[in-house]
Amino acid sequence: MRVPIEWLKEYVDITVSPEELAHRLTMAGLEVEAIEHDEGEAVLNVKVTPNRGDCLSMVGVAREVAAIYHQPLRHPMPAARTGEPGEAAQVAKVEILDEDLCPRYAARVVRNIRIAPSPDWMQRRLLAAGMRPINNVVDVTNYVMLEMGQPLHAFDLDLLPNGHIVVRRAKPGERIVTLDGVERDLQPDMLMICDTTHPVAIAGVMGGSETEVTPNTRNVLLESAHFNPTSIRRTSQRLQLSTEASYRFERVVDPGGVVAALDRACDLLAQVGAGEPLSGVVDVYPHPVSERTVTLRPERCNLLLGLNLDAQTMVDCLRRLQLVAELRDGVVHVTVPTFRPDLNIEEDLAEEVGRVYGYENIPERLPFGHTHRGSDSPNTRLVRPLQEAFVRAGLVEVHTHTLRAPGPLDDPNRTPVRVRNAASEELSTLRNSLIPSLMDVVVHNLARRQTEIFLFEVGAVFAQLPDGEYEERLKAGFAITGSAFPPGWDARYPAADFFTAKGVVQVLLETVGVAEAEYAPLADPRFHPGRSARVLAGGREVGIFGELHPDVLEQLDITRRAVLAGEFDVETLWSLATRRVRYVPLPRYPAVLRDLAVLASEGVPYQTIEQTVKGAGGALLESVRLFDVYRGERIPEGTRSLALSLTFRSPERTLTDEEVDEVVAHIVRALEEIGARLRA
Amino acid sequence: MEERIRTLVEEATQAILSANSTAELEAVETRYLGRKGQVTELLRALPTLPPEERPRFGQLLNTTKTQLQTQIDQRRAELQRREREERLRAERVDITLPPRPLRVGLKHPLTQTMERVRAALIGLGFEFVDSPELDDYRYNFAALNYPDDHPAMDEQMSFYISNTRLLRTQTTSVQGRIMEKRKPPFRIAVIGRCFRNETVDATHHHTFHQVDAFMVDRGVSMADLKGTLAAFARQMFGEDVQVRFRPDFFPFVEPGVDYAIYWQGGWLELGGAGLIHPNILRAHGIDPEQWSGFAFGLGIERIPMIQYQIDDLRLFLENDLRFLQKYGA
């Protein structure tokens, strides 16, 4: 809200600079976001919190200024002057059918309207406050709204049959053309100001063009009402129509100030020569809001604030805010005026004492009493070791978007969760896999001429389950493309490939302690069918990885380079951890090494050969290491030669060549059973 | 004979001194002391001398041999040292050439910040818990004392999945989940991703990260909140940090404040805080007369933005490697 300081000074003395005033207001809870200068006049841009609708006016801000600086407040119309129906009741009639949405509706009548521009001083203030001057009648209603916070509306009285106002919900199919010229469909829960037959204004939001004040207007009916804030908010949101009036009504306008604002407007209309107010007010207010009493126990106030104030100081602080506060029997009794609907409980009063006394006076203290053991969350204990494993493997961590458009890299086995009110396709679903958003990052960096892209992320993915519920799971994903090892000025390496990715996977599995992983072919349209794998442990799939399918890469405009990606389920990974850390002495006896060149058909997976060798090698075979794969001359087509280095060792003695020869012979026989043989 | 030996020693000494490489010296050694060397030949000729002269010449030859061997060994050591020096000189590299690159993994600056925040709050006794990103309207708003359709939600525009489910707009949503299960005293914290349906610019994003911490115990006051925030801020930003409160409004706290820290010459607003609203305590069966508590929250991105003077929030989720390599660790 724009608050011209010149205007504010009408209600409270201000001797400090705009900067000083802005600082003090901010520190008291009315945040001044900026000080603007409008034709030499300082204008405060005040951000009013949603609970302080009373501050959406010059008087409201002045009240805070008065409290801060211990100054008296000069209210232009502290209470209604008009109480009786008077002459107004003879030309206007108000009927409220839906009291739940309109607890109070008051009207006054102004005769002999002479439409003209409003006086310069009023126009200047309206402009400084950010409103466009229109004519003297409309300007006065806006001026009073800005001054006192009560939105007003002027109807052309002669266009209201019998001056009869009916406040009711819209009927099905009703429509209205609003002041902005837009025809709007009305919903049955929207509150309308109607004549005897149809709506003439959307209550609290905007008037209708039919009864608009024009140069031909001779008589006006001035409306000042109190509406249900939630109802106004819903109507405004449904119609996507937010106005100065609806903004204030949503934040609660003072029900007690309804008629005072009418009186103020009538005085101003008369003062600027816009017309002659009739005496009296038509005020329908079936259940007047009474002022509440809220009590504050001084010791409770001190406990909450961490201060040690005496009760009288508390009373003084509250009185400075124009609250009626009295100390009786050691308790502060506060009569809360109707303009402060936000003050309902003891804690609310403690806050008022605190902010008037000054939060800067609250001391710093560390909590005492119970001690607590701080700890990481269970998920952090699962996630952090994986993050550290990826970092050890040389990958760079990213945090990517959860919200995204559906795409070809989504997990085909998980139904995506859709956002109901997404503003765009880009924000329309929750990721069901980390791979698509990791690939966004790959694409982003390739476009910026980065060539070595080794990324990982650990984060939540989502799916809609068959029963309609939603699943949120932690996944650990990676995407890599570039050289197998970082290229330098004197060495070049082959491109990162399936086995580079498998190296990353191995670091991950070793970190978690998944001892025996198996690799099975993967059928997933996102991946190269011959260069991708499911990773199984204990018979369960813990993740997938491999080279992305060239069709998928083409859709991302990635050509002439392989991209590897993988995704692992964090909980499943940890549930299959088998590693127990325990001490095993370093070997005391020497090892015996034997190299075998095993010739086998291409169709026999290495995994089968290794398992066969290990199975036949028994306890004396300590480890098997593959050190070469050869195809080509001197071996039959369709076969490959696998060079294995076997390490034999006994924990109890030095092995003899004869013993080892025997085991090797056993291994060779086992290999022959699966169609492999030693290369001659 | 003596004359011959003397001449031989002179020649050999001359040859040893003029050998300019270990290889040359090797040849000299062979020439004089080798199996067919000249000294060896003379020794071999001893039996041909008259018996009375043999002891004297034998002794003389042995001394000569030892003497020459010593000279050769000394010369060899000298030559070896010189040759090594030459080799090292030849092996010299241009030490100003760039290094051979290693593949170094990095944690995202947000992860690093979250780890620092966790360490600071764990040190203050807070127990971190997990809470879902896809949350219930109930926990995100209703349990936090938001009335239905209240303007306070204008700053929390949400991504709705259904009528009752949404992406959490604040990590504060964990409060209800904890309070319905636990009895005070407790100190709880949660850290994670939040979402607000708003337009993205340099200081706003629809996706961001928050930490929320709250405690409930006997007699917890605004002073405890201020002290805890000060201890937290000092661990994050340094010992000379000051904490300032200014009144603000959040439906789940009363009194509610916005807190700022004084850091490097200016006040920086970090987040919202306050005493947990008695309505929330009461709704979870916690008697506000017996217990009180505070809550505070702040944006994770705000911390590295302050520390490194990063001026664009979007950089964190854009993941440009040049950015990550600069601020990751």
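Start with A496(A). Leaving aside neighbours within four places in sequence, A496(A) is in contact with I480(A), T481(A), G482(A), S483(A), A484(A) and L564(A); contact here means that C-beta atoms, placed from the backbone, lie within 7 Å. A quick word before moving on: this is a predicted model, where local features need pLDDT of at least 70 and side-chain atom pairs count only at pLDDT 80 or more, while totals for chains, interfaces and linings use all residues. Residues are numbered from 1 along each chain as its sequence is written, and chains are lettered from A and ligands numbered from 1 in the order in which they are written.

Stay on A496(A) a moment. You'll find A496(A) in the loop between β24 (470-481) and α15 (498-512) of chain A. (Helices are DSSP runs of H or I with at least four residues, strands are runs of E with at least two, and both are numbered from the N terminus.) Is A496(A) buried or exposed? It counts as buried because it has 24 C-beta neighbours inside 10 Å; the cut-offs are 20 or more other C-beta atoms within 10 Å for buried, 12 or fewer for exposed, and partly exposed in between.

Now for a jump: select V166(A), which is 330 residues from A496(A) in sequence and 77 Å away in space, C-alpha to C-alpha.

Next, show the open sheet of five strands in chain A, in the order β4-β7-β10-β11-β12, with mixed pairing. Strands count as paired if DSSP finds at least two bridges between them. At the edges stand β4 (93-96) and β12 (206-207) of chain A, each with a single partner strand, so one side of each has no neighbour in the sheet.

Walk across the sheet from β7 (residues 164-169) of chain A, which pairs with β10 (residues 191-194) of chain A in the antiparallel sense over four bridges. Pick R168(A) and you'll see its bridge partner, M192(A), in β10(A). A hairpin through four residues then takes you from β10(A) to β11(A); three bridges join these antiparallel strands, and I193(A) has A201(A) as its bridge partner. A201(A) also stands opposite G207(A) in β12(A).

Move on to helix α18 (residues 606-617) of chain A. Its twelve residues reach 16 Å from first C-alpha to last, close to the 16 Å expected at 1.5 Å a residue (that is, 1.5 Å times one less than the number of residues). Which residues of α18(A) are buried? Colour I609(A), T612(A), V613(A) and G617(A). They sit on the same side of α18(A), because they cover an arc of only 125 degrees around the axis, taking the directions from the helix axis to the C-beta atoms. Turned away from that side are the exposed Q607(A) and G615(A). The cover over the buried residues includes β29 (592-601), β30 (621-630), β31 (639-648) and α19 (657-673) of chain A.

Last stop: bring in chain B. There, 77 residues are in contact with 79 residues of chain A. Helix α8 (residues 222-237) of chain B gives the largest share of that side, eight residues.

Terms used:
Two residues are in contact if their C-beta atoms, placed from the backbone, lie within 7 Å.
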